[in-house]
Amino acid sequence: MSGMRPPATRVLATSLVLIAALYAVWYRNDAHFGAALLVFVLPPLLLFAGVLLRRPSAPLWSGIAALFWFSHGVMYAWSHPELGLWPWAGIALSLAVVFSASLPGMRARFSKGRPPMG
C-alpha cells in the first residue's frame, strides 16, 4: 500500500465511502435498517477495502454495483420526489463510481502509441 494512488483510484475509494455513508444516513430511521445495512452499506465498504488492497477486480465490481445504485436512485427520484436530494446524491455518487472505475481502462484503450488490433 505504499506510494501515491492514481487520482481515479482516490475518487473511486472516496465515492465508495460516501455512497455507504449516504445510505447509512438515508435509511437510519427505516424499520428495516439492518437489511439496508446489509444491502446498501456493506457492499460499498467491502469494495472500498478491495480498492485499498489493490485487488484487480475491485474496480470492475464497483462499477457493476454502481449500476444497481444508479437504478435505485433513479427509481426513487422518479417515484418519491418528496425525498429531495437523497436519491439525486445516490445517482451522482454512482456515476462517480462508474467513471472513476472505468477511467484507467479507457485511458489504456484510447492511449496513443498502442499497437493496432488484428
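**Exercises on a helix pair**

In this predicted model, the axes of helix H1 (residues 7-26) and helix H3 (residues 58-79) come within 12 Å and cross at roughly 40°, where axes are lines fitted to C-alpha atoms over the stretch in contact and angles run from 0 to 180 degrees between N-to-C directions. Helices are DSSP runs of H or I with at least four residues, numbered from the N terminus. Being a prediction, the model is read for local features at pLDDT of at least 70 and for side-chain atom pairs at pLDDT 80 or more, while totals for chains, interfaces and linings use all residues. Residues are numbered from 1 along each chain, and side-chain values use heavy atoms, without hydrogens and water.

**Exercise 1.** Identify the residues that form the contact of H1 with H3, and classify them.

*Solution.* Taking contact as heavy atoms within 4.5 Å, H1 contributes Leu12, Leu16, Ile19, Tyr23 and Trp26, and H3 contributes Pro59, Ser62, Trp69, His72 and Tyr76. These residues divide into 8 nonpolar, 2 polar and no charged.

**Exercise 2.** Compare the reach of H3 with its expected span.

*Solution.* H3 has 22 residues, and the expected span is 1.5 Å times one less than the number of residues. The expected value is 32 Å, and the reach from first to last C-alpha, 31 Å, is close to that.

**Exercise 3.** Find buried residues of H3 and what covers them.

*Solution.* With buried meaning under 20% relative accessible area (1.4 Å probe, protein chains only), the buried residues of H3 include Ser62, Trp69 and His72. The cover includes H1, helix H2 (33-52) and helix H4 (86-110).

How values were computed. Helices (H or I, at least four residues) and strands (E, at least two) are DSSP runs, numbered from the N terminus. Ala, Val, Leu, Ile, Met, Phe, Trp, Tyr, Cys and Pro count as nonpolar, Asp, Glu, Lys and Arg as charged, and the others, Gly among them, as polar. Buried means under 20% relative accessible area, exposed over 50%, partly exposed in between (1.4 Å probe, protein chains only).
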